[in-house]
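Subject: Structure handover

Hello,

Here is the structure you asked about. Please open it alongside this note, which goes through what was found.

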Amino acid sequence: MNFIEEIKEKAKKDLKSIVLPDSLKELGEDVFNGCYSLISIHIGKNLTIFGDGALNYCTGLTTITVNSQNTSFYVLDGALYGDGGKSLVFYPNTLTNLTYHMPATVESIYGSQLESNKHLTEIVVSKDSSKFSSYDGVLYDKNITEIKLKVSCINEIYIIYSKYIMNILTIYT
């Protein structure tokens with residue numbers, strides 16, 4: 001059993017905290033998926049690949065730290081970014097912000113990071129973003145022709161209505 005397999009087994013059994021060693025270069029997909037008890041994770045200096053869904057359903061995760069020598073990942077306002085800020089890697093369910101201000105650098109979102117946060121009701125995207133736009137708190141592609149993200153079940157009716165209105169506007173433009 002390798003290091004990650006050992007950690008995954010322990011994490012499923014109430015692991016509260018994990019320090020990823022500096023020697024670790026890649027974290028596989030879904031490696032900590034469902035580790036509800038995980039509260040904190042520290043990312044070592046040599047990690048360069050973070051598998052999609054690696055922290056899915058880590059609903060108790062409140063603290064993410066990154067070695068200051070790691071050039072691939074950083075934490076901003078509690079969220080984990082990778083690829084020089086081009087990817088939103090993880091947005092904890094424990095963040096209680098109602099609004100997520102997406103940096104202009106973000107070009108991709110791993111999995112369903114924002115959808116699973118029950119507190120989030122609005123997404124605001126920088127006008128300088130090359131990939132995304134937001135309109136009334138809903139995340140769209142840059143041209144506002146496709147909804148990219150539902151922010152919460154509460155907003156589902158609004159999103160469906162908004163999509164319908166956008167389709168009508170597209171027909172008339």
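What pLDDT does the protein average? The protein averages 81, and 80% of the residues score at least 70. pLDDT is the predictor's confidence in each residue, from 0 to 100.

Two notes on reading this. This is a predicted model, in which local features need pLDDT of at least 70 and side-chain atom pairs count only at pLDDT 80 or more, while totals for chains, interfaces and linings use all residues. Residues are numbered from 1 along each chain as its sequence is written, and side-chain values use heavy atoms, with hydrogens and water left out.

One stretch needs care. Over residues 153-173, pLDDT stays under 50. For that stretch the model has 14 contacts beyond four places in sequence; a contact means heavy atoms within 4.5 Å. Where pLDDT is low, the predicted coordinates should not be read in detail.

**Overall**

The protein has two helices and 14 strands. These are DSSP runs numbered from the N terminus: helices are H or I with at least four residues, strands are E with at least two. Buried residues make up 42% of the 173 residues. Buried means under 20% relative accessible area, exposed means over 50%, and partly exposed lies in between (1.4 Å probe, protein chains only). Take the contacts between residues at least 6 apart in sequence: 31% of them join residues at least 24 apart.

**Cores**

The largest nonpolar core has 24 residues. Such a core is a set of buried Ala, Val, Leu, Ile, Met, Phe, Trp, Tyr and Cys residues joined through side-chain atoms within 4.5 Å. L20, L27, F32, F50, L55 and L80 touch the most other members. Strands β3 (40-43), β5 (63-66) and β8 (87-90) each give two or more residues to this core. Leaving aside residues up to four places away in sequence, L55 touches F32, L38, I41, F50, L61 and F90. There is also a second, separate core of 15 residues, which includes L88, Y91, V106 and L149.

β3 and β5 also pair with each other, in the parallel sense, over four bridges. Two strands pair if DSSP finds at least two bridges between them. I43 stands opposite V66 in β5. On β5, I64 and V66 form a covered face, and T63 and T65 an uncovered one.

**The open sheet**

Four strands form an open sheet with mixed pairing, in the order β6-β7-β8-β10. β6 (73-76) and β10 (108-109) stand at the edges with a single partner strand each, so one side of each has no neighbour in the sheet. β7 (residues 79-82) and β8 run antiparallel, joined by three bridges. Y81 has L88 in β8 as its bridge partner.

S87 lies in strand β8. Is S87 buried or exposed? S87 is buried, at a relative accessible area of 2%. The side chains of S87 and D83 are joined by a polar contact of 2.6 Å. A polar contact is a pair of N or O atoms within 3.5 Å; within protein, one must be able to donate a hydrogen and the other to accept it, and residues adjacent in sequence count only if both atoms are side-chain atoms. Beyond four places in sequence, S87 touches L80, Y81, G82, S108 and Y110.

D83 is in the loop between β7 and β8. D83 is partly exposed, with a relative accessible area of 41%. D83 is not a glycine, yet has a positive phi of about 55 degrees. Most residues other than glycine have a negative phi.

**Aromatic pairs**

The structure holds three aromatic pairs. Rings of Phe, Tyr and Trp (its six-membered ring) pair if their centres lie within 6.5 Å; planes under 30 degrees apart count as stacked, over 60 as edge-to-face and the rest as tilted. Y74 and Y81 have ring centres 5.5 Å apart and planes at 20 degrees, so this pair is stacked. Y74 is partly exposed at 31% relative accessibility, whereas Y81 is buried at 2%. Y91 and Y100 form an edge-to-face pair, 5.1 Å centre to centre with 70 degrees between the planes. Y91 is buried at 2% relative accessibility, and Y100 is buried at 4%.

Best wishes
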